[in-house]
Amino acid sequence: MVRRNDARRAALVDASIEVLAREGARGLTFRAVDTEAGVPAGTASNYFANRDDLLTQAGSRVYERLQPDEATVERQRNASPDRETYTQLMRELISRVSGFRTGYLALLELRLEATRRPGLRAVLTEQVRTDVEANVAYHEASGLPGDATAVRLLILAFNWLIVEQLTLPGVFTEAERDRLVEAAVDRIVGR
């Protein structure tokens, strides 16, 4: 029987993100999630059909939590559509993602696990594809400089920059990261 307490489910999914980031996909068990969430043993198994269900929901939850809030979206919509605005948007994006360290590390674990689980791979592929296309559509509607290819190239470049910041934070200082973001926008989007 799958339970319907949405607040409890969200707490369990958030706990699974923390376990994934700390222990990896192999350490993600219902027992570990129960412990992380501070709930009685057996609770997670009442909320998720199986481990694949838990993995999939964890991935979806990370994407939910990485979305900018409405105030940020509104400010972006009202900004002038120029290269400086684009650079600032990219800096904010990298800061937001880097600020949710465990979420991004959990996504990396899920991607690795997806190489072994076709069902998870299909879900993540669709989620990432949808996310990329939403970013391209937002970009095109905003009037910002650059084209769809530039958006895709920046996604690829900045994903690795985020990996560096989260896994080996001593490689680049924050100031170097900001200069790299500006250089990437300049070179990929153009002036």
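1. R177 sits in helix α10, residues 174–189 (helices are DSSP runs of H or I, at least four residues, numbered from the N terminus). R177 counts as buried because its relative accessibility is 7% (buried means under 20% relative accessible area, exposed over 50%, partly exposed in between, with a 1.4 Å probe and protein chains only).

2. A note on the basis: this is a predicted model, where local features need pLDDT of at least 70, side-chain atom pairs count only at pLDDT 80 or more, and totals for chains, interfaces and linings use all residues. Residues are numbered from 1 along each chain as its sequence is written, and side-chain values use heavy atoms, with hydrogens and water left out.

3. Back to R177: setting aside neighbours within four places in sequence, its contacts (heavy atoms within 4.5 Å) are I94, S95, S98, L161, Q165 and F172.

4. Q88 belongs to helix α6, residues 83–99. With 37% relative accessibility, Q88 counts as partly exposed. Its C-alpha is 8.9 Å from that of V181, although 93 residues separate Q88 and V181 in sequence.

Notes: Helix = DSSP H or I, 4+ residues; strand = E, 2+ residues; numbered from the N terminus.
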